[in-house]
Every structure is written in C-alpha cells, then in structure tokens.
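Dear colleague,

Please find the structure below, together with the sequence. My notes on it follow.

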Amino acid sequence: MTSANPSPLWQPDAARIARAQITRFQSWAAEHHGAPAEGGYPALHRWSVDELETFWKAVTEWFDVRFSTPYARVLGDRTMPGAEWFPGATLNYAEHALRATDTRADEPALLHVDETHETRSVTWSELRRQVGSLSAELRALGVRPGDRVSGYLPNIPQAVVALLATASVGGVWTSCAPDFGARSVLDRFQQVEPVVMFTVDGYRYGGKEHDRRDIVAELRRELPTLRAVVHIPLLGTEAPEGALDWSALTSADVAPTFEQVPFDHPLWVLYSSGTTGLPKAIVQSQGGILVEHLKQLGLHCDLGPEDRFFWYTSTGWMMWNFLVSGLLTGTTVVLYDGSPGYPDTGAQWRVAEHTGATLFGTSAAYVMACRKADIHPGRDYDLSRVQCVGTTGSPLPPDGFRWLHDEVREDLWIASVSGGTDVCSCFAGAVPTLPVHIGELQAPSLGTDLQSWDPSGEPLIDEVGELVVTNPMPSMPIHFWNDPDGTRYHDSYFDTYPGVWRHGDWITLTSRGSVVIHGRSDSTLNRQGVRMGSADIYEAVERLPEIKESLVIGIEQPDGGYWMPLFVQLAPEATLDEALLNRIKQTIREQLSPRHVPDEVIEVPGVPHTLTGKRIEVPVKRLLQGTPLEKAVNPGSIDNLDLLRFYEDLARKRA
C-alpha cells in the first residue's frame with residue numbers, strides 16, 4: 001500500500017505549517033499540558049489518544065469554551081457505549097456559535113447563494129438579533145429544554161437561525177430537506193414528536209420551482225404533537241391557515257438568552273439508516289458537538305475569522321450541521337441552495353469564486369463529474385482564495401486527486417475526509433501540516449483512536465479491515481430516540497467487538513500513518529452524501545401490487561461513481577414493462593427522494609434470505625463487486641443458495 005505512492009502529491013511549505021492553528025496548539029499544549037513538542041502531527045495524535053482526558057481539557061482551554069458551571073472531571077466514565085463527558089458542566093452551543101458578534105458585528109456571518117448565483121449576506125449582529133427574536137417567540141410558544149423543533153427546509157439562512165434559536169432555549173433541533181417525500185419525513189419526525197415545525201412553501205432546484213404545500217399539509221395532519229407551524233414563503237405564497245409567519249417571529253430587536261444546559265443535553269437528532277425498520281434517530285449533545293466541532297473545524301480544517309467555509313450539502317445530511325458549526329470558529333459560512341450542477345456542471349466553482357471561499361467542500365461524485373465534463377476550474381474561475389478542497393460522501397478516487405491538483409491548482413491542499421452521521425464528524429481526513437498522497441486520507445483525527453481490525457479483533461497495518469474506534473469521542477450519540485434500553489444503539493456499533501465502535505467501513509491504515517477508505521461494509525445506501533436504508537426503498541416499492549419482493553444494493557465504483565441497482569421479483573403474471581418501470585421510479589422519487597431512484601431495475605427469479613428470513617444485502621453487494629461466492633457468504637446461512645448464482649453471473653457479465 002505505502003509503496004504505491006512513494007512521493008506526495010502535495011506538501012505544505014514551512015510557512016504554512018508554522019501558521020497552522022494545529023502547530024500553535026501543539027506548542028501551547030506542550031507548554032501547558034505535557035504534549036510532545038517534537039515529532040509533529042504523529043506525536044500529537046499519539047498523545048491525544050493516550051492522554052485522552054488531558055487532550056480534551058486542552059481543547060476546551062485553547063478554544064475558550066465557556067462553562068457556566070465547572071466540570072467535575074473530563075471523563076466520568078469511558079465505557080462505550082455510555083461514556084460520560086464533562087459531568088457537572090453546563091454551557092450552551094448557540095452562545096458559542098454567536099460569540100464572534102462581539103468582535104465582528106458588521107462582518108458577514110452567513111453568505112447565501114441560490115441558483116441565480118447572487119450572493120446575499122447576513123451580518124453577525126443581524127444573525128444574533130434574529131436568533132434573539134425567534135428564541136423569545138419559541139419560549140412564548142411554550143418550547144422548553146428537551147422539546148423537539150423540526151425544520152422541513154432547504155439550505156437557507158432561516159434554517160441556521162431556527163437551529164440556533166432552538167439550541168439557545170435548550171430545545172432539540174431536527175431537519176429534513178424539502179426534496180424528501182412525506183413518508184420519508186414522517187418516518188423521521190414521527191419518532192421524535194416535534195412541538196414546532198418550520199416549513200417552506202417549496203424550493204427551487206435545477207431551474208424549476210417545486211411546490212411542497214401539499215406535503216406540508218400532510219405533515220401537519222400526521223404530526224399531532226405540533227403546537228405551531230412557521231411558514232417561510234420561499235416561493236412567495238401566503239401562510240396557510242393556522243401557520244405563523246416567519247417575518248413576524250424574527251422582527252424584534254431582542255438579545256438572545258442562552259439556556260445553560262448540562263454538557264450531555266441533546267442538541268439535535270440526525271437520521272441514519274439500518275437495513276431494517278425505521279431510520280435510526282441519533283441524538284448528539286450540545287457539549288459533545290461543541291468540543292468535537294471546535295477541534296475538527298479549528299484544528300483540522302484550520303478555520304478562523306478570516307476564512308469563508310463552503311460545503312455543498314442539504315439540511316438532510318450531517319454535513320449541513322457540520323457547516324453551521326463553522327460559526328463556532330468565527331468563520332463566515334457559505335450556504336448554497338440549489339442543484340450542484342445548475343446552470344452547468346461548474347456551478348459549485350462559481351459559488352466559490354463569488355463568495356471568496358477559502359475551504360471548498362463537495363462530494364467525490366461532483367469532482368468526478370467535473371472531470372468527465374472536462375471542466376477547468378483553475379482556468380475559468382478565480383479560485384485564488386481557495387486554500388483547501390475537501391471531499392466526502394464517498395472515497396475520492398485517485399483520478400479525483402490528480403484532477404484537483406492539475407485543474408484547480410498545484411499548490412492545493414486536498415482533504416478527503418471520512419466520518420459519519422453517527423458522530424457528525426470525521427474519523428480521519430484533513431491535517432494542514434501533513435503531505436497528501438493520492439487516494440489516501442492524511443491521517444486519523446486527534447482524539448480518535450482509529451484502527452483497522454480483522455474479524456478476530458486484531459489490528460491490521462497495510463491490510464483491509466473493519467474501521468473501529470477504540471476510545472470514546474464526545475460527539476458519539478448520547479442515545480437513539482425511542483431506544484429506552486439502548487439495545488438498538490448497542491447493536492448498531494458494539495455487537496461485533498464489545499466495547500469498541502465498529503462503523504461499517506472497510507479501511508486500510510498504511511504504515512506511513514495515512515488512511516484509505518474502501519466503502520461501506522454494510523448495506524447503507526449513500527447517494528450524493530444522503531444516506532438511506534434499504535428498508536425505506538422496500539416499503540415504498542413493495543406497495544406496488546406487481547412487486548412481490550425487492551433487493552436494493554449500492555456499490556462504490558472504481559471511477560468514483562455509485563451504481564445502485566434495484567432487483568425485483570415480480571408477482572405472478574406481472575411484466576416489467578416501461579409502464580411498471582416508470583411507476584417504480586416515480587414511487588421512489590415522490591415518496592422517498594429523487595436521489596435514490598435506482599440506476600437500473602432488474603428482474604430476478606427471487607430474493608435470497610438468511611435462515612431467519614432477512615434479505616441478504618451485504619453478501620449480494622460483495623458478489624456484485626466480484627467476490628467469489630464461497631468467500632462472499634456462509635452457504636449454511638442462506639435459505640436458497642441457487643438464487644445467489646444469478647447475482648454471481650450478473651457480476652461476471654458486468655466485469
């Protein structure tokens with residue numbers, strides 16, 4: 001593995017290393033907390049996992065985290081799951097997100113761009129004022145600490161204001177993007193029972209307006225816990241009957257009051273997907289997200305008040321929450337609402353040019369689409385302010401590294417990062433002081449004891465294994481919603497290696513300390529960064545009378561693409577003609593998400609199951625990736641081994 005890329009694609013120069021915040025942090029931590037002064041990042045990382053409590057204490061001091069009541073110790077209990085961080089401490093996430101107002105009141109906190117590609121700004125003082133006004137109105141509506149507040153919103157400034165206002169009163173935020181169909185939204189929001197919902201009348205995407213008023217009406221009917229619905233007229237329509245108007249709630253000049261909550265008080269609910277049942281409702285804490293994101297954005301991404309932080313995302317993806325946290329470092333956050341490729345494939349580079357983005361974040365799929373479309377960003381756009389291009393959502397292929405280096409700028413820091421909704425952060429990725437090798441993430445993140453393990457729990461170097469984390473991270477879930485005994489949480493990450501987090505990615509840790517991600521080792525569907533469980537697809541498709549059973553697989557392709565076939569076993573006398581094909585795609589588009597319409601619909605003689613009746617997705621995925629049948633599955637665990645021959649043959653034909 002290491003011999004494949006002997007020389008780095010990029011190496012930071014001495015001046016860049018010296019001015020990086022992580023370099024200054026290491027010197028300071030050496031003086032005040034016994035961190036190693038020499039040995040650069042590898043030594044700092046080793047210290048951060050060996051001296052976990054000292055490291056996180058140092059992070060809170062370096063970033064001046066304001067505890068309104070002090071903590072008893074950094075780690076009350078380090079057992080996973082259930083680690084107890086900073087017991088006794090109280091604080092507020094929104095207070096930290098808005099404190100740059102004190103020094104940068106008239107500077108932009110948010111820059112908002114839509115498909116017109118005009119840039120509008122919201123200053124720090126205006127953001128703080130709107131949060132103050134809205135949080136007072138939320139309190140007046142009876143929202144109390146722990147109450148859930150939901151958003152059916154695109155990536156617009158109002159969504160940021162709503163999140164921060166919710167956090168400031170101690171409420172729990174949760175959001176879905178408006179391209180999600182009603183069933184997808186209800187599968188998420190019905191679990192958490194929101195008391196307030198912020199909605200738009202529609203959104204613009206790909207040059208078209210998409211009216212969502214009917215969906216909003218359905219959500220209101222099906223969410224009986226709602227006390228109030230707030231209407232944001234993105235398409236200019238009147239508020240529906242009984243809804244409150246956004247502008248009326250955000251017009252007062254009121255300073256926000258920040259509810260001081262325990263460190264482990266819920267901040268938001270994100271949704272991941274297992275292979276069966278409802279999406280997992282992942283709850284992360286105010287304090288855990290605060291310190292994890294300060295570390296990740298301030299040290300790893302090297303963001304500060306002079307930076308402008310853009311990442312293409314929607315409110316249904318954890319990267320949106322991560323993007324909003326750029327405010328914690330005093331950074332100007334760039335929000336883009338629209339298609340990544342409108343009016344042409346170069347759209348995201350145009351956003352970077354117009355906003356002066358210094359950190360440009362996107363998906364690996366977008367990078368590869370630009371390469372295929374023969375886009376020349378460095379030639380056609382002024383990207384002189386872009387210091388770093390970050391990618392996530394899927395592994396960036398080697399050709400993607402080369403293309404960014406050749407077509408954006410040779411002196412470009414390329415940060416392929418990998419983490420998860422489950423921790424709303426990165427396990428590995430950006431380090432401003434380390435070289436970049438083609439096809440590799442620079443290193444594991446500070447405080448994260450990332451390892452690659454074989455099935456028996458032995459660590460591997462330069463070999464593919466399961467991604468595991470052997471120590472707790474502050475942003476790990478405090479629990480899942482509606483999981484009273486913690487069984488679902490435990491089974492999601494800790495059933496393979498007791499007490500150790502197994503994430504569900506195949507990785508290689510190289511002997512030079514870098515990381516290679518090989519894609520999912522489970523069956524989560526990840527399209528353009530939006531994850532969905534196969535169960536969502538089955539529920540929608542199998543309502544069609546012609547479909548007896550189905551199987552959906554998502555496969556990372558060597559060229560950076562993502563192939564998502566849907567296999568269907570038809571009911572007797574049904575035919576997979578054009579009409580049925582269109583109805584299948586329309587059902588998924590409307591009920592779930594346009595992103596999850598399959599690339600192909602393929603008729604199969606049957607769907608294989610385990611002996612306990614579960615569809616076997618991961619073995620089929622492995623077969624389609626070329627793994628021989630005897631290595632892809634334990635034959636004794638399958639109800640009908642002959643059915644697997646079909647998928648094996650299909651893989652052979654595709655190869």
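Which residues have the most contacts inside the largest nonpolar core? This is a predicted model, in which local features need pLDDT of at least 70 and side-chain atom pairs count only at pLDDT 80 or more, while totals for chains, interfaces and linings use all residues. Residues are numbered from 1 along each chain as its sequence is written, and side-chain values use heavy atoms, with hydrogens and water left out.

The residues in question are Tyr-93, Leu-127, Leu-164, Phe-198, Leu-327, Trp-349 and Leu-404, in a core of 127 residues. A nonpolar core here is a set of buried Ala, Val, Leu, Ile, Met, Phe, Trp, Tyr and Cys residues joined through side-chain atoms within 4.5 Å; buried means under 20% relative accessible area (1.4 Å probe, protein chains only). Helix H8 (residues 157-168) gives the most to this core, with eight residues; helices are DSSP runs of H or I, at least four residues, numbered from the N terminus. Apart from this core lies another of 40 residues, including Leu-580 and Ile-616.

Aromatic pairs (ring centres within 6.5 Å, with the six-membered ring used for Trp; planes under 30 degrees apart count as stacked, over 60 as edge-to-face and the rest as tilted) number 33 in the whole structure. The rings of Phe-309 and Trp-311 have centres 6.4 Å apart and planes at 85°, so this pair is edge-to-face. Phe-309 and Trp-311 are both buried. For Tyr-489 and Phe-494, the centres are 6.0 Å apart and the planes at 75°, so the pair is edge-to-face; Tyr-489 and Phe-494 are buried.

Yours sincerely

How values were computed:
Buried means under 20% relative accessible area, exposed over 50%, partly exposed in between (1.4 Å probe, protein chains only). Helices (H or I, at least four residues) and strands (E, at least two) are DSSP runs, numbered from the N terminus.
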